Amino acid sequence: MRVTSRRKGWVDYQSGLICDICGKSCIKKDTGPLGDGLIEVAYFGATWGYASRKDGMIWECDLCEDCADKIKEYIASLGGKIQETYYG
Ligand SMILES: [Zn+2]
């Protein structure tokens with residue numbers, strides 16, 4: 001769940017980015033020199049089109065790291081997998 005500004009619809013990341021499963025904040029404290037919060041979030045979403053049974057529907061879900069791990073395990077239990085790559 002993204003906390004948005006009423007004025008412009010922007011996501012206010014300092015106020016909150018909340019896991020849609022457990023309700024925990026997805027912002028972790030940064031111990032670096034800036035001391036800002038770091039956003040660690042997984043995003044699950046879908047935009048359904050004309051050929052689906054959900055034409056025009058959008059799904060959005062934000063997940064904390066712990067819940068994302070659980071979803072990954074669930075997908076694996078169904079025989080699927082999430083492709084892992086590293087960036088940077
Ligand atoms: Zn969670």
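The tour begins with the whole chain and then moves to single elements and residues.

**The whole chain**

This is a predicted model, in which local features need a pLDDT of at least 70, side-chain atom pairs count only at pLDDT 80 or more, and totals for chains, interfaces and linings use all residues. Residues are numbered from 1 along each chain as its sequence is written.

Colour the chain by pLDDT, the predictor's confidence in each residue, from 0 to 100. The protein averages 84, and 77% of the residues score at least 70. Confidence is highest in helix α1 (residues 65-77), with a mean of 96, and lowest in strand β2 (residues 37-39), with a mean of 77.

Next, show the secondary structure. Helices (H or I, at least four residues) and strands (E, at least two) are DSSP runs, numbered from the N terminus. The protein has four strands and one helix, in the order β-β-β-β-α along the sequence.

**Strands β3 and β4**

Select residues 42-47, which form strand β3. Strand β3 pairs with β4 in the antiparallel sense, over six bridges; two strands pair if DSSP finds at least two bridges between them. Ala 42 stands opposite Leu 63 in β4.

How many of the six residues of β3 are buried? The count is zero. A residue is buried if 20 or more other C-beta atoms lie within 10 Å of its own, exposed if 12 or fewer, and partly exposed in between, with C-beta atoms placed from the backbone. In the protein, buried residues make up 9% of the 88 residues.

**The nonpolar core**

Select Leu 17, Cys 19, Cys 26, Leu 63, Cys 64, Cys 67 and Ala 68: these seven residues are the largest nonpolar core. Such a core is a set of buried Ala, Val, Leu, Ile, Met, Phe, Trp, Tyr and Cys residues joined through C-beta atoms within 7 Å. In soluble globular proteins, nonpolar side chains tend to be buried together.

Now centre on Cys 64, in the loop between β4 (58-63) and α1. Why does Cys 64 count as buried? Cys 64 is buried because 23 other C-beta atoms lie within 10 Å. Two residues are in contact if their C-beta atoms, placed from the backbone, lie within 7 Å. Leaving out residues up to four places away in sequence, Cys 64 touches Cys 19, Cys 22, Lys 24, Cys 26 and Val 41. With the same exclusion, Cys 67 touches Cys 19, Ile 21 and Cys 22.

**Helix α1**

Select residues 65-77, which form α1. This helix has 13 residues and reaches 18 Å from its first C-alpha to its last, close to the 18 Å expected at 1.5 Å a residue; the expected span is 1.5 Å times one less than the number of residues.

Within α1, pick Glu 65. Glu 65 is partly exposed, with 13 other C-beta atoms within 10 Å.

**After the helix**

Just after α1, select Gly 79, which takes a positive phi of about 95 degrees. Continue to Lys 81, in the segment after α1. Lys 81 is exposed, with 9 other C-beta atoms within 10 Å. Apart from its neighbours within four places in sequence, Lys 81 is in contact with Ile 75 and Ala 76.

The last stop is Ile 82, also in the segment after α1. Is Ile 82 buried or exposed? Ile 82 counts as exposed, with 10 C-beta neighbours inside 10 Å. Not counting residues up to four places away in sequence, Ile 82 touches Lys 72 and Ile 75.
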